[in-house]
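Student: I have a model open and want to learn how to read it. Can we go through it feature by feature?

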Amino acid sequence: MSTSPVTPRTKTQVAADLTDFISSSPSSYHATATAAARLESTGFRRLKERKIWELEPGQGYYVIRDGAIIAWRTPASKADVSGADSGGSSATIPGFRVFGSHTDSPAFKLKPGEEFTAEGTRQIGVEIYGGPLLNSWLDRELALAGQLSLADGSVVLAQTPPIARIPQLAIHLDRQVNDGLTLDKQRHTTPIIGLADLAEADVIEILAASAEVDPEQVVGHDVYTIPVQSPGLFGAREEFFAAPRLDNLLSVHAGISALVEVDAAALDSVALFAGFDHEEIGSNSRSGACGPFLADVTERIIASLFPESTRSDYLASLASSICVSSDAGHAAHPNYPERHDPHVRPHLGGGPLLKLNAQQRYATDAVGTAAWSQACAAAGVEYQNFVSNNAMPCGSTIGPLTATRLGMTTVDVGPALYSMHSAREMVAIDDVVALGAAAKAFLQG
Ligand code: ZN
């Protein structure tokens, strides 16, 4: 179904670049740092939320709030965007073209009171973050990654080598396991990190060593388990790509890669990328899509570019804005065909999804559909409709949340996956290329 001619060379390059991006982004905090490094290398400048902003036309900027990042490029010339507006009395304020995504993924989060011993092993306490496919996390070597806060108030990133594993019970001790695996979320998900009778291997010491800080100075942590197997291509023609955290680093990668290539001289809107944290746990946080981050940043962009502008001008800007919210979706599964809509059946390799839901679990409406259709046409890629089987619950994403907060026309899209929320998900590499092309076409406008 896809018409995008993806050469083997392109495929290999994209797979290598995505591998690098995902491997460098084991937690949402790392993902913002990885995105920031790519932005810096192409001339984007970091702004601090606590400082006054003085933005200039034709420039790239970004701001980080915990595990979330917003980056944007301003149109090259204010004169180009402030012509007479037939619908109002004042000059036109540019709108935003927003490409939204999220930086977090399901995992296990390290609890305080980290270590204990049982049956000759040393274990760590963890809490379930989001909705992982629990069975997929068994029998994998796991690293720990995230942020540590220090006594002086500073924050550092930490990532250990593989130190943990959640071993599954042998089949000899549960002969019925293949009739239905049931995991107790407390007892059966506790990782082991060593042998109890060896010298104490304090997990905070290992985390501190990885961050090259004094363990005595560590006062807090937001640390998650990370599968350590490297991402990679596979399949009879290497048409698939497997990796952890494709939901939703694939969209973060597409958005950042698109934004750095946007031509400011040809922009008539502010091209903006938003990567929110905490989508997997409902987005209610200061760095989540329900929080004020995007509203704060967009209002400050308009106020800085147009110092004479009023609150009404900002609202006019939002009214002429549009948001593409990109998050992973489901391809029809050959082993479970009954789980999908009987007639609308998106396939791996058929192009990015346009997600539709009558209950507004996805924000897409007919107007948003037209915008996505235009972006895909400009990029020369096909897209596929996604709707849920009526008897199945429908997931949701950041699109309806940012639409509710900001009132922007919003369209929900995303790459089609198998194994969503597994420790290792899969996608068709052609779809990675197509999503990147569509993202760029959308942001360019
Ligand atoms: Zn997602």
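Predicted model: local features only at pLDDT ≥ 70, side-chain atom pairs only at ≥ 80, totals over all residues.

Student: Next, helix packing. What describes two packed helices?

Tutor: Two values do: the angle between their axes and the distance between the axes. Here, take helix α2 (residues 28-41) and helix α5 (residues 246-259). They pack at an angle of about 20°, and their axes are 10 Å apart. Angles under 35 degrees count as roughly parallel, so α2 is roughly parallel to α5.

Student: Is the crossing of α2 and α5 left-handed or right-handed?

Tutor: The crossing is right-handed.

Student: Which residues make the contact?

Tutor: From α2, they are A31, A35, R38 and L39. From α5, they are L249, H253, I256, S257 and L259. By type, the residues of this contact divide into 6 nonpolar, 2 polar and 1 charged.

Student: Now a single residue. Where is S325 found?

Tutor: S325 sits in strand β14 (residues 322-326).

Student: Is S325 buried or exposed?

Tutor: Read the relative accessible area. Buried means under 20%. S325 has 0%, so S325 is buried.

Student: What is S325 in contact with?

Tutor: Leave aside its neighbours within four places in sequence. S325 then contacts G100, T397, I398, G399, T410, V411, D412 and V413.

Note on methods
Residues numbered from 1 in each chain as written. Heavy atoms only, no water. Axes fitted to C-alpha atoms, helices over the stretch in contact; angles between N-to-C directions. Helix = DSSP H or I, 4+ residues; strand = E, 2+ residues; numbered from the N terminus. Parallel < 35°, antiparallel > 145°, perpendicular 65-115°, else oblique. Left-handed = near helix turned anticlockwise from the far one by under 90°. Contact = heavy atoms within 4.5 Å. Nonpolar A, V, L, I, M, F, W, Y, C, P; charged D, E, K, R; others polar. Buried < 20%, exposed > 50% of the residue type's maximum accessible area, 1.4 Å probe, protein only.
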